[in-house]
Protein chains: 2
Amino acid sequence: MKDSAAPGKGESYHVQHSPFGAFASFTIGLVDAPGGFGQSLRGAAKQNVYVGFRQGQSAEWQLLPFLTPPKSQEGAFTGDTTVVAPPRGFNSLRPADYQRSLGWASDTWRAAGDRFGFSLLSPFGQVPDPAKMKPAESRFHLAPLVTAWIEYDNRNGQNPVELIFGVGHGDDTLRPLGDTDDSLAGFASGGKFGYATKPGRGVQLRQGFDVLAPKFRDYRGLLVIAGETALIFTVPAGQRKRFPLVLGFYAAGPVTTGLTASYAYTRLFRDLEAVLGHGLKNYSRYEKLATVRDRELAASRLDADQQFLIAQATHSYLGSTQLLWHDGKPLWVVNEGEYRMINTFDLTVDHVFFELAWQPWAVRDTLDLFVRRYSYRDQHGLSFTHDMGVNDFFTPAGRSSYECDEIHGCFSHMTMEQLLNWVLTAVTYAEHTGDQRWLRANKKILVACADSLRRRDDPNPKLRDGILKHDTARVGHGSEITTYDSLDVSLGQARNNLYLTVKTLGAWVLLEKAFARLGDATASAGAGDTADLLARTLTNKFERDTGYFPAVFEKGNRSRILPAVEGFVYPLFLGYKDATDPQGRFAPLFRQLKQHLTQALQPGVCLDPASGGWKMSSTSTNTWFSKIAIAQHVIRVLFPEAMTTAARAGDRVHADWQRTPGCGVDAMCDQIRSDTGITCGSRYYPRGVTAFLWLRE
Amino acid sequence: MKDSAAPGKGESYHVQHSPFGAFASFTIGLVDAPGGFGQSLRGAAKQNVYVGFRQGQSAEWQLLPFLTPPKSQEGAFTGDTTVVAPPRGFNSLRPADYQRSLGWASDTWRAAGDRFGFSLLSPFGQVPDPAKMKPAESRFHLAPLVTAWIEYDNRNGQNPVELIFGVGHGDDTLRPLGDTDDSLAGFASGGKFGYATKPGRGVQLRQGFDVLAPKFRDYRGLLVIAGETALIFTVPAGQRKRFPLVLGFYAAGPVTTGLTASYAYTRLFRDLEAVLGHGLKNYSRYEKLATVRDRELAASRLDADQQFLIAQATHSYLGSTQLLWHDGKPLWVVNEGEYRMINTFDLTVDHVFFELAWQPWAVRDTLDLFVRRYSYRDQHGLSFTHDMGVNDFFTPAGRSSYECDEIHGCFSHMTMEQLLNWVLTAVTYAEHTGDQRWLRANKKILVACADSLRRRDDPNPKLRDGILKHDTARVGHGSEITTYDSLDVSLGQARNNLYLTVKTLGAWVLLEKAFARLGDATASAGAGDTADLLARTLTNKFERDTGYFPAVFEKGNRSRILPAVEGFVYPLFLGYKDATDPQGRFAPLFRQLKQHLTQALQPGVCLDPASGGWKMSSTSTNTWFSKIAIAQHVIRVLFPEAMTTAARAGDRVHADWQRTPGCGVDAMCDQIRSDTGITCGSRYYPRGVTAFLWLRE
């Protein structure tokens, strides 16, 4: 990362170190906070993590600040409630004492003049379709593990230096792994998670109430009734040593209901020990993959703040991924961060840019599952549910976990939004991958979507202007919302909504291309006509007096919003020149949008006057990083004139939000108060990977 | 229960409502505290439990005090942090508003002039050997469920009354069970636990952020992303209705390591739904079994306090039981309460009286596993480990999870104690059940035990006096301890220990009988001789000046202890008249013990001067209920003259300790500060079932 020393003041943030598809994270990084192994959680675990060194056996331990003093369990056994809570007698390193650098696939701490180092690697890469991968390849890609190393350069030292890596979880005692697999030195919590290195000289196990100074030792020096565990590594004077670590997860058996499924990796690994052994055996291959990713990001033209945001977002994305196996086939899930909704379509459509680079089959499979199980027809025609369930529970066919009836605002239906999401995701997938076979197989769905879109404009063809304005009957006396439900009405209402209208324009542009690709010139021309009609309608919504578009074409709304251009990200991503040329087919609209954006990207409108951060809406301080990232990309590429100095300063603000505790307490956060930088929702969230788009600039 | 109205002031205590062998509890009862479904926990779960009624849809809910306001998850979705935490707007019933009565297999709350009732049943009975039970019988006995009912007598009412039973666990959203099994109305947490009734008229499902007044409802009236769930039952005006409930658990797949085993019930039930369905189908059979148990205890001659203690102890015992399946055979475990050590031998020897009544095969299987895997030989000969592991981790053969080297006091080895425990448990099992085949098969173990006992007295036969005084080499420079390790030295040191000496006497008496039963007259006579030698030695330890035995025959110790007579419980239980006749074989010893006890059972010695409760030792305020119960039994039967008025008042004190929050916060507690009644260890503990002995008086 370039210029990584520049930030750092007040830096304190969790990072999810996560395997691909295990819905699991080893989370640490927030200063003076516990973390550790978390399976299917909505935030960081609460284990003590011991990482550090001491320069000789009589020296004080120097530990990274990842633990809070656990309540000693010793007193529970001895009845002596005066026993002081261990661990104690160590120096908790302060942020000024160490340097941390987050790479795309690594998170590294250095201290003691760079002699001490600790790094967690979460290697990721292109994952082939699991339905077709050979077992060996599958084992590499799907192993539920992350790797790490700990090192000390003691070449100039006079005494042996000890290193520690350990985990303590007072209530959930861990067990020494060597009892079940003598090729592993480390500890595990039942069969669910654990950490290991290879046994050997210079590697010792520790377990006790106070793992730094164990008072009680059994025949092998441990006390297995105690909650705190660690590996102690010795680096002799005159040597530099780096020790590999593997951190693994394992969730056996069916983990979901509704659709009963198990983790794909359970077909490849017998148990946790097999995972850890595999990780140690393939350690250097995983390390190399992480290095490739780190270098790719570092070599990009993005600045340090932008690189940090992509790295942090990718870590939290991986932590939300879940590759299951159902009925003999892969079942792909991205869980929605702290909400843990399954394949929320609002996220799928935003993850598409990232997923098409690394696992395009995931996009295809999710689209198929939406068609097969999570689609429905209302009075206007076809649409799709907001999500597929929550917390490992797949909701019944045609029903989401989120959408309620008879209400306005949050928790209402998102019928128009999800219809657009299917069209946009589907065509983006098919055009980007060239998977024409899939496109052909789904032609009738696309046709039904187009029909449904038109009817949501108006059931009477003569009254259509392109704008979606007829709510689904599912809302009853309520009204449809958009994905921006928790912002103010400027983005929350679906009907006559600027954001959705431009997104609708994007959908018609994509349908025009898709129908052409399918050889249906009539349908393609029809879609093109609707796009043009809609663009014309939209230009008439422009307020000539103010030079802005209103956020909602109703009730004199005067909110100003940045997602006015979100709908252009799809044609931009697919390289559709005609639709994205400011001088082209939509030139009048582009001129208006340029004015809208140039005015909006000013402090007090869509730049927060206090922080300078980007705001989705001029009338709400709730702003969403993932959507900022899309807006930044579209604006930087299509409307560069709008990028004022103040607007360009946003990256530093957005990165500072994420790397300080206001968001950092929950790793990557999406919903943030633009004035304070404190998260107000969507914590531990995968969607920040929209920033991956920046690598295309 | 007789006189159940007498206590009650300040009553507030958790009870574990637990299936047989599932290591699981539905725990509620502590006032203003959450509880709910807990699997393999060391204390109560933290779920909100909704139980109550409202007299009409516009009336306020009247709820038992089993919930704390959960942090609303609504704000996490809406970004609105001002949303007040639901639930609210209900009346939390105060202890004065309801009556609670704990039966042997039921826990019942009544309110609204007895019109409202709620009861949790944990039926238990004689369980045949699981290795030989037929599937249908196994399903009945081993189903991981408890039952419950909720009712209202609305015969005089003018409006329909609503009843509620529900569970809320903010982070772990539950799912409606009907989606996977339409014969169930209720909710489940994944496949792990859940509650259900039969669907039908008058039964409604509720799920929301505020389950009492849900703001958001989906197509079926629920909001499945929200953490709080409930069943709402309607009792029409003019009717009395009782609704059955089943509360089930399910832990799939291997749950232990070291010895890899799964729950026995997983062989009988496919999943949680199958458990719940079975429970509803067999509801009345389970209810009848609970009624039989309740009546048995109520019909006993014990007073209300004693009955309460037995009932509460039995509930916590069941919560610690775990019937596994390993290598095609049953594997019996009792977990040690909050410590979760596996089959701690100190508990096995105390549970034997209860277990021989209900599942004698469990005693046999545990003894066999101690021989097969958890025995060892030191310089003196055979002995056994303190336990078999901890927290579902079976330690390596010959090693406990608890015992450490080179120390004095807690966490040291208990070689003498466990050797005695095997002898006492084995002969008690064989003599009580008449299982002579097993006794014969284990003759060589008994012979090895006798040899080991003698050598721990002194390796040189000429120097033997019967008292164990030679520590195992495993302690290194440390020293052996007894099960009373956390009391002061008066009970903690094994060598020359009064408690262990009388226990040794008990062991020789039992060995004398066992060898006679085995037809080995020589060995029997030898054991009898050693018993007599030991009794003589012991009488010489009596302090004629004080009229007491010292607790330790070393260093001028003058502590006075009640477990001086614990060793007599075994011959007493087995009806050995010669060894328990105060005028018989050990008459001189009995005279001394009578004096010891009569003096000890005075305030300021072994009755706490503040509370009046029984103290194990005059020099420690740490007292253990399970051991008090044994002492009470032995003293009431063999030394009735020692039962002063002050001593007899102990039952009320001990019951009050358990039913007020000092212990009640952790259900049955064993280690208690005798001055305050507050637990100081051994919480959520199974061993209180020693009180079952009282039913023999």
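Which residue in β16(A) is the bridge partner of Phe165(A)? I looked this up before anything else. The partner is Leu231(A).

**Ground rules**

I am working with a predicted model, in which local features need pLDDT of at least 70, side-chain atom pairs count only at pLDDT 80 or more, and totals for chains, interfaces and linings use all residues. Residues are numbered from 1 along each chain as its sequence is written, while chains are lettered from A and ligands numbered from 1 in the order in which they are written.

**Entry: around β16 of chain A**

I stayed with β16(A), residues 228-235. Strands here are DSSP runs of E, at least two residues, and helices are runs of H or I, at least four residues; both are numbered from the N terminus. I call two strands paired if DSSP finds at least two bridges between them. Strand β11(A), residues 161-168, pairs with β16(A) through eight bridges, in the antiparallel sense. Strand β15(A), residues 203-208, also runs antiparallel to β16(A), and six bridges join them. One of the bridge pairs I noted is Gly208(A) with Glu228(A).

I then asked about cover. A residue is buried if 20 or more other C-beta atoms lie within 10 Å of its own, exposed if 12 or fewer, and partly exposed in between, with C-beta atoms placed from the backbone. By that count six of the eight residues of β16(A) are buried.

**Entry: β9 of chain B**

I moved to chain B. Strand β9(B) covers residues 116-121, and six of its six residues are buried. On one side I found Phe116(B), Phe118(B) and Leu120(B). On the other are Gly117(B), Ser119(B) and Leu121(B).

I checked the partners of β9(B) next. Strand β8(B), residues 106-111, pairs with β9(B) in the antiparallel sense over six bridges. Ala111(B) bridges to Phe116(B). β8(B) and β9(B) form a hairpin with four residues between them. In that turn, Ala112(B) has a positive phi of about 55°. Strand β10(B), residues 145-153, is also antiparallel to β9(B), again over six bridges. There Gly117(B) has Glu151(B) as its bridge partner.

**Entry: the two domains of chain A**

Chain A is divided into domain 1 (15-293) and domain 2 (335-696). These bounds come from an automatic or database domain assignment. The C-alpha centres of the two domains lie 40 Å apart. I count a contact when two C-beta atoms, placed from the backbone, lie within 7 Å. On that basis 18 residues of domain 1 of chain A are in contact with 18 residues of domain 2 of chain A. The domain 1 side has seven nonpolar, nine polar and two charged residues. For these classes, Ala, Val, Leu, Ile, Met, Phe, Trp, Tyr, Cys and Pro count as nonpolar, Asp, Glu, Lys and Arg as charged, and the others, Gly among them, as polar.

**Entry: chain A against chain B**

I looked at the contact between the chains. Chain A gives 48 residues and chain B gives 48 residues. On the chain A side, α1 (74-78) and β27 (679-681) are the elements that give two or more residues. α1(A) gives the most, with three residues. By class I found 20 nonpolar, 17 polar and eleven charged residues on the chain A side.

Of the contact residues of chain A, 100% recur in chain B.

**Entry: Asp271 of chain A**

Buried or partly exposed? Asp271(A) is partly exposed, because 19 other C-beta atoms lie within 10 Å. Leaving aside neighbours within four places in sequence, Asp271(A) is in contact with Gly191(A) and Tyr250(A). The C-alpha atoms of Asp271(A) and Ala252(A) are separated by 7.8 Å, and the two residues are 19 apart along the chain.
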